[in-house]
Amino acid sequence: MENYFNKIIELFVKSDVSTSSQDEFYRWLIGEKFSVEKEKALYGLWDNLKEGTPAETSTQTQQSLHDVLKKIKQRQRGTNVRFLRFWQVSAAVLLIALLSALYFPSNKTLVNADLIEQYVPVAEMTRLTLPDGTEVQMNSTTTLLYPEQFTGESRSVYLLGEANFKVAKNEKQPFIVKSNDFQVTALGTEFNMKAYPGDSTLSAILLSGSVEVRFNNLASALILKPSEQFTYNRQTKEETISHPDLYDATAWQKGELVFKSTSLREIITVLERKYPYSFVYALNTLKDDKYTFRFKDKTSLQEVMDIIAEVSGHIRYRIEDDKCYILPL
Amino acid sequence: MNTESYRREFEEIFIQYFPKVRTFAAILLKSEQEAEDIAQDIFVKLWEQPDLWEGNLVRNYLYTMVKNHVFNRIKRKNIESKYINSRMNRHSLEEITEFKDPLNEIYVQELQLLLRLSLEQLPDKRRQIFEMSRFENLSNNEIAERLNLSVRTVEQHIYLVLKDLKKLFLIAIFFIKF
């Protein structure tokens, strides 16, 4: 992914661009999103620029040196005060420089290994083992992207959907699951992460060990303790920590369906992933009432809908081909 | 430290790093003059900070400084208020490039920008044809007629653009309908 960031900068730098594209580039560059990645790409640009040597100093540089020395002389006249604060200033600057030195270790290899894409279609689940031994169980309609080999400073994967990770221990190479403005960093631990593109909330549940969750365009972070669930609402930007029943939270891995005070709309979103049917309904058919249901593994959609219709008391349904129609009673 | 050796040491650092700092600012700001101003300001300040004049430290310090200066200049350019909803942004990436990638969701801004910048690299005629096809939704026949070219040539140009874009979006999967 660093590819995208490097490539954008490379393209911008090497050619003339129209003013509107230039503005577009600037908006992107100073934007908060992916600031870490952009920073890395910028530093790469800096790193690749040649340093000068005395032998090949251009007259332009000589002229600049002349100008700078002149400015320095002008400043020194009557600026004793400046030198009094000198140590304070330089201490602060030193700190910044040290931090950036720590932040960008000198090995500049940003390896762009080939990514492997694993997609789980509707109504299926998949288990897979990543190259580092981490075990992943993926829920339906989920995409996971991971490199053929984890070579960088961290083990990064990209998740769109829901998956459970049993991370192989390697404290030198943290394991990072990234998603849209949300990421979870772990050393050796087990956690469940849910980040479907269409959902308004994202969540992560820690089963054992400890993880760091970053959200709000990666600007905020907190550490989860075992059995804590972190939920983040993309729209309201609200975050909550709860202690859900771990059995329920990971029930999907056993094929079970568990809904805890969930609205019919949210239930249908989950059913659409779990069963290969699309749901057809008018929004006003579904009331905002909350329901709690638990369905065993291999329950058919018909059985599920029978119960939901019965309990809700205000809808009926009809399954035709690959469509499930929900109608008012 | 005596003044003469102080100055000589400063000059060495200047010669080693000044071009790097100036070039970094120049290629991002696309202005030699602004870049020269920034670089000079940074080195005037550096004169007063001899405890930074050391290999790696000075490199990282200069990077931090030049980056901050560049960002400040960019922020002053008031780009936000100039925001125009360009026709590019009104089209989804998918309809323009026939490009499908699960990361679209995450990197949509990056991909848009990449597309935009790479279209600017194209020869004028080719870009014109591609934009007519994707933004004005003209058929290949209509484009051929307007530009007085053969349909075959139009197709070839569009094919070549898609091929270039494909190379660019390394991890992308393309569905080229030809």
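This is a predicted model: local features need pLDDT of at least 70, side-chain atom pairs count only at pLDDT 80 or more; totals for chains, interfaces and linings use all residues.
Helix α1 (residues 3–29) of chain B packs against helix α3 (residues 55–76) of chain B at an angle of about 30°. Their axes lie 10 Å apart. α1(B) and α3(B) are therefore roughly parallel to each other. The crossing of α1(B) past α3(B) is right-handed.

From α1(B), the contact draws on B:I13, B:Y17, B:V21, B:F24, B:A25, B:L28 and B:L29. These meet B:V58, B:L62, B:V66, B:H69, B:V70 and B:R73 in α3(B). By class, this contact of α1(B) with α3(B) has eleven nonpolar, one polar and one charged residues.

**The nonpolar core**

The largest nonpolar core has 87 residues. Within it, B:A25 and B:V66 touch the most other members. α1(B) gives the most to this core, with eleven residues. Neighbours within four places in sequence aside, B:V66 is in contact with B:V21, B:F24, B:A25, B:I38 and B:I42.

**The contact between chains A and B**

Chain A puts 58 residues into the contact, and chain B puts in 53 residues. Several elements of chain A each supply at least two residues to the side that touches chain B, among them α1 (2–14), α4 (59–76) and β5 (155–166). α2(A) gives the most to that side, with eleven residues. The side of chain A that touches chain B divides by class as follows.

| Class, side of chain A touching chain B | Count |
|---|---|
| Nonpolar | 33 residues |
| Polar | 14 residues |

Technical notes:
Residues are numbered from 1 along each chain as its sequence is written. Chains are lettered from A and ligands numbered from 1 in the order in which they are written. Axes are lines fitted to C-alpha atoms, for helices over the stretch in contact, and angles run from 0 to 180 degrees between N-to-C directions. Helices (H or I, at least four residues) and strands (E, at least two) are DSSP runs, numbered from the N terminus. Angles under 35 degrees count as roughly parallel, over 145 as roughly antiparallel, 65 to 115 as roughly perpendicular and the rest as oblique. A crossing is left-handed if the near helix is turned anticlockwise from the far one by less than a right angle, and right-handed if clockwise. Two residues are in contact if their C-beta atoms, placed from the backbone, lie within 7 Å. Ala, Val, Leu, Ile, Met, Phe, Trp, Tyr, Cys and Pro count as nonpolar, Asp, Glu, Lys and Arg as charged, and the others, Gly among them, as polar. A nonpolar core is a set of buried Ala, Val, Leu, Ile, Met, Phe, Trp, Tyr and Cys residues joined through C-beta atoms within 7 Å. A residue is buried if 20 or more other C-beta atoms lie within 10 Å of its own, exposed if 12 or fewer, and partly exposed in between; C-beta atoms are placed from the backbone.
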